[in-house]
Amino acid sequence: MEASQVGRRRFLEMVSGIGAALSAVVVGFPVVRAFVSPTLASPPKDDWVKVADDTALLDVGAPIKLSFVVSEQDAWIESRTVKGVWLFSEDGQKFKAYSARCTHLGCAFVWDADAKNFLCPCHRGRFDLKTGAVLDGPPPRPLDELEVQIRESAVYVKYKEYRLGVPARIEA
Amino acid sequence: MNPIFRWLDERVDLRGIKEQLLDRKMPGNLTWAHTLGSATLAVFIVQVVTGIVLAMYYAPSPDHAYESIRYLQDRVLSGAVLRGVHHWAASAMVVLVLAHMIRVFAMGAYKYPREINWLLGIVLLFLVLGFSFTGYLLPWDQKAYWATQVGTNIAGTTPFVGGFLVKLLRGGSQLGAATLTRFFALHVLLMPLLLFVVVLLHLAIVVRQGIASRTGALEEGAPPHTSDPEYPAYYKKAYAKSKGAGVRFYPDLTTKDMVVATAIILVLVLLARYVGAGLEPPADPTDNSYVPRPEWYFLPFFQLLKLVPGSMESLVAVGIPTVLVILLVALPFFDRSSTRAFSKRPIARYSLIFLLGSSALLLGASYAGEQPEVVAEAGRPLTNVERSGKAIFGAQQCGSCHAVAGKGGGGTTGAPNLSMVGLKHSGAWIHSFIENPLRFHPNSAMPSFGPPTISHQDIEELTRYLVTLRGPNGELTKPEFVDTFPMLIKSKEK
């Protein structure tokens, strides 16, 4: 092949390559960005949820389970689901709140009034009332404690869900 | 040589593939019009890639289809651009397939030995139109819903099998949930599979036969008909000679293909970015005032349907496409002359000019005949209350006396046109009036609609709808109320 022909071939290959790359980038950018969009968008902000109207009406010394409705946006579907927290206070002033899901696999645990601790019926995990620590069974970490605020004697909880079945507390 | 290439070559004979595919000798002097086929392929690839990600954010159910598209548009990063590319590329597919077909027709490339590929091309054309028809419904907005009503109704006018066809297309007698899942399955499962197989065949044949040369190269000293026994031998020699110019598929042709494909793709992305794909209010099956418009490339055909008398409509609606298909299929078997140059084929030339000319005229007429858009409502999507008011307007047959935006009215009642009633009267006045018109005009011909005819709540919803009627500028026009309340009501209001 003559030198000019080699040069022509190089040029054509380069033009083809640039065209292919340009097409791939301009189409690929929105395609890939939309595909990975769920990993880039920030998670929805947690809001404080009112779980009880008046602290005076709550039992002291024994935990109580409170259910409340949260609006959940699941992609394009908005739904309302019932969530629960266990609320506990020794003095009626300071409150502790635990997420009502067992940290093992998410079962709803109950208050064992005889043993004075929480019992998860699924795999017999037990948690301490005051600290949430694991007393028995397979749960990998203590109960998930939630932030509590008292505003004008109403109880608000910052409801969050954490990844289940792992020792570390990672937001789900 | 590249070691990876050598490693693969020893095992799968890459060199053989390269020689047969890339180093193929091609006829010289191919035009830019010869790139239309590969440009169509490039845009199809764009459709596949964008379509896959669109499907990740789409719920094929009337409950959620519209919301899922909204979510894609508003919440997914680059979602609006992605949908825009798919939308504009759909139009581009139709345009490119037609342009490619016209090129093949004008250059006589459907003649011996390329009859099969012409037929496969017709299949591909209809698959592309099928994609366009099924994809149009998926956003489940007003345009989608009503255009599909019309489209399926046209299928229903087919003689003998019309009723069957409508039910088959809709998955029932009404357009609804079963239609949407059906169209979705056709659009993302069946049609891509079919298109993929037919495109593969189409391409395999192009590789086997080689692309048709410029017309002159296959005409000099040719027997008069392609059916003549000596034609195949002549063709073989003439075609081999046309490949003597030393042009190779890669990189000589692929560069031209790539340049055209890239230019088209850039235009599509720009259109997607700066124009986007529209999304109308969600489909409202109770809205009988919506005027559906088909996609622009169907407009000439719809304009034609408007021109024929009603009794002939079903004949033309089904007949013209049928005749067109028969003509296209018969073409390579019917036209056996070995002449390929467009300038020497007067019938072909006049037919094409007639077809393109009449389509252009019909398209022009369709745009010219378009009523200046009267925004009957506020110029924004109606709220739920206003929409139920509108439904009451229909259910109570208000439109049989009152005209709104050029619809309804007539008769001899002399009922006022309500197109701009929202500018003249306040909601309170309209509500009171509907309840008992005689309080306002002792001679009013309008019956009282107060309870028990319809409830106060219904009257209020109807009123909320009526106050949105503010003429062509919608909410931009400031109302000037000319309400006059009878003494009785005034005293009650204080």
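Me: In chain A, what share of the contacts with a separation of 6 or more comes from residues 24 or more positions apart?
Reply: In this predicted model, 43% of those chain A contacts join residues 24 or more positions apart.

Me: And what's the figure for chain B?
Reply: For chain B, residues 24 or more positions apart supply 77% of the contacts with a separation of 6 or more.

Me: Which domains is chain A divided into?
Reply: Domain 1 covers 1–41 and domain 2 covers 48–158. Taken over C-alpha atoms, the centres of these two domains of chain A are 55 Å apart.

Me: What radius of gyration does chain A have?
Reply: Chain A has 27 Å, whereas a compact globule of 172 residues would have a value near 16 Å. Its C-alpha trace spans about 95 × 40 × 25 Å along the principal axes.

Me: Now the strands. What order do they take in the open sheet of 4 strands in chain A?
Reply: The order is S2-S3-S4-S9 in chain A, and the pairing is antiparallel.

Me: Which strands stand at the edges, and why is one side of each left without a neighbour?
Reply: The edge strands are S2 (64–74) and S9 (145–146) of chain A. Each has a single partner strand, so one side of each has no neighbour in the sheet.

Me: How many bridges link S4 and S9 of chain A?
Reply: S4(A), residues 95–99, pairs with S9(A) over 2 bridges, in the antiparallel sense.

Me: Which residue stands opposite Glu145 of chain A there?
Reply: A:Tyr98 stands opposite A:Glu145, the latter being in S9(A).

Me: Changing topic: how many residues does each chain give to the contact between A and B?
Reply: Chain B gives 28 residues and chain A gives 22 residues.

Me: Which elements of chain B give two or more residues to that side?
Reply: They are helices H3 (36–56), H4 (65–75), H5 (79–106) and H11 (249–274) of chain B. The largest share comes from H11(B), with 11 residues.

Me: And how does the chain B side divide into nonpolar, polar and charged?
Reply: The side of chain B that touches chain A has 17 nonpolar, 8 polar and 3 charged residues.

Me: What about chain B itself, which domains does it have?
Reply: The domain assignment gives domain 1 (23–368) and domain 2 (384–493) of chain B. Their C-alpha centres lie 48 Å apart.

Me: How many residues does each domain of chain B put into the contact between them?
Reply: Domain 1 of chain B and domain 2 of chain B give 4 residues each. On the domain 1 side, the residues divide into no nonpolar, 3 polar and 1 charged.

Me: Last one: how many helices and strands are in chain B, and is the chain spread out or compact?
Reply: Chain B has 19 helices and 4 strands. Its radius of gyration is 30 Å, well over the 23 Å that the globule rule gives for 494 residues, so chain B is more spread out than a compact globule. Along the principal axes, the C-alpha atoms of chain B fill a box of roughly 100 × 55 × 40 Å.

Note on methods. Residues are numbered from 1 along each chain as its sequence is written. Chains are lettered from A and ligands numbered from 1 in the order in which they are written. This is a predicted model: local features need pLDDT of at least 70, side-chain atom pairs count only at pLDDT 80 or more; totals for chains, interfaces and linings use all residues. Domain bounds come from an automatic or database domain assignment. The radius of gyration is taken over C-alpha atoms; the globule rule is 2.2 Å times the number of residues to the power 0.38. Two residues are in contact if their C-beta atoms, placed from the backbone, lie within 7 Å. Ala, Val, Leu, Ile, Met, Phe, Trp, Tyr, Cys and Pro count as nonpolar, Asp, Glu, Lys and Arg as charged, and the others, Gly among them, as polar. Two strands pair if DSSP finds at least two bridges between them.
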